[in-house]
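Subject: Structure handover

Hello,

Here is the structure I promised to pass on. Please open it alongside this note.

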Amino acid sequence: DTLQANSRYALSSVNSTLHLHGPHNWVPQLSFKSIDPYKDPGTEITIYDATTLQQIYTLAGSLSPLKLNSPYLGELLAGRTPASFEGNIGGVHAIIQEIPIKALSTTGDATDPAPNSVIAILVVSQSLSEMSKTLLTLQTLLILSSVVALIGALICSWIIASNVLRPLGDLVKTARSITLTS
């Protein structure tokens, strides 16, 4: 599943950047090299600050920027499990996964967040429009192939039936000619 793979990769990138640069300077250093919104349109990664719920980073594909309007916001801020759900983003049907980003460890600075406290929320979304197009194409091909198969079956049945019934037709012709001559 592309969304799960992108989510795992994004979280891994965030955690390694957070580990290298600390809790105060990690966002400008983010890089998602494996996720290219031009090669894989419809994938979007957005990070929100956990205290202000303001967008602090986005790697946008074809979807419009996300607004954090999660039905699981309370659970995410408490650091519970990631949430996945379907929704509309700018009128585009998408599947969305939200993952809490936790502080790793403190450096002793009084401004550092407590370890394992949620400092941000990672939102990864994948447009379902490409999948919908593919399913529509497959559905159309299935219907067309079924119609062609049905027509082929009818033609084959007619040919077989006419060949099977030909001797019976010959028998009827012979019986009529005998009846007419007698």
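Strand S4 (residues 92–102) and S5 run antiparallel, joined by nine bridges. Strands, like helices, are DSSP runs numbered from the N terminus; a helix is H or I with at least four residues, a strand is E with at least two. Two strands count as paired if DSSP finds at least two bridges between them. Gln 97 has Val 124 as its bridge partner in S5. For Glu 98, the partner in S5 is Val 123.

Before going on: this is a predicted model, in which local features need pLDDT of at least 70, side-chain atom pairs count only at pLDDT 80 or more, and totals for chains, interfaces and linings use all residues. Residues are numbered from 1 along each chain as its sequence is written, and side-chain values use heavy atoms, with hydrogens and water left out.

Other pairings

S5 also pairs with strand S1 (residues 43–49): seven bridges, antiparallel. Ser 84 stands opposite Gln 97 in S4.

How enclosed is S5? All of its residues (118–127), ten of ten, are buried, so S5 is largely enclosed by the rest of the structure. Buried means under 20% relative accessible area, exposed means over 50%, and partly exposed lies in between (1.4 Å probe, protein chains only).

The cores

A nonpolar core is a set of buried Ala, Val, Leu, Ile, Met, Phe, Trp, Tyr and Cys residues joined through side-chain atoms within 4.5 Å. The largest has 14 residues; Ile 45, Ile 47, Ile 101, Leu 122 and Val 124 touch the most other members. Helix H1 (2–21), S1, strand S2 (55–59), S4 and S5 each supply at least two residues of this core. S5 gives the largest share, four residues. Another core lies apart from it, with eight residues, among them Ala 94, Ile 96, Ile 121 and Val 123. In a regular strand, side chains alternate between the two faces of the sheet.

Ile 45 sits in strand S1. Ile 45 counts as buried because its relative accessibility is 0%. Between Ile 45 and Leu 59 there are 14 residues of sequence separation, yet their C-alpha atoms are 5.0 Å apart.

The surface

Ile 143, Val 147, Ile 151, Ile 155, Trp 158 and Ile 159 form a nonpolar surface patch, with about 620 Å² of accessible area together. Patches take residues with over 30% relative accessible area and no salt bridge; like charges are joined within 9 Å, nonpolar side chains (Val, Leu, Ile, Met, Phe, Trp, Tyr) within 5 Å. A salt bridge is a side-chain nitrogen of Lys or Arg within 4 Å of a carboxyl oxygen of Asp or Glu. Val 147 belongs to helix H3 (residues 129–181). With a relative accessible area of 42%, Val 147 is partly exposed.

The whole protein

There are three helices and five strands. Along the sequence they follow α-β-β-α-β-β-β-α. Of the 182 residues, 31% count as buried.

Best wishes

Definitions and conventions. Areas by Shrake-Rupley, 256 points an atom, 1.4 Å probe, with all protein chains shown as cover.
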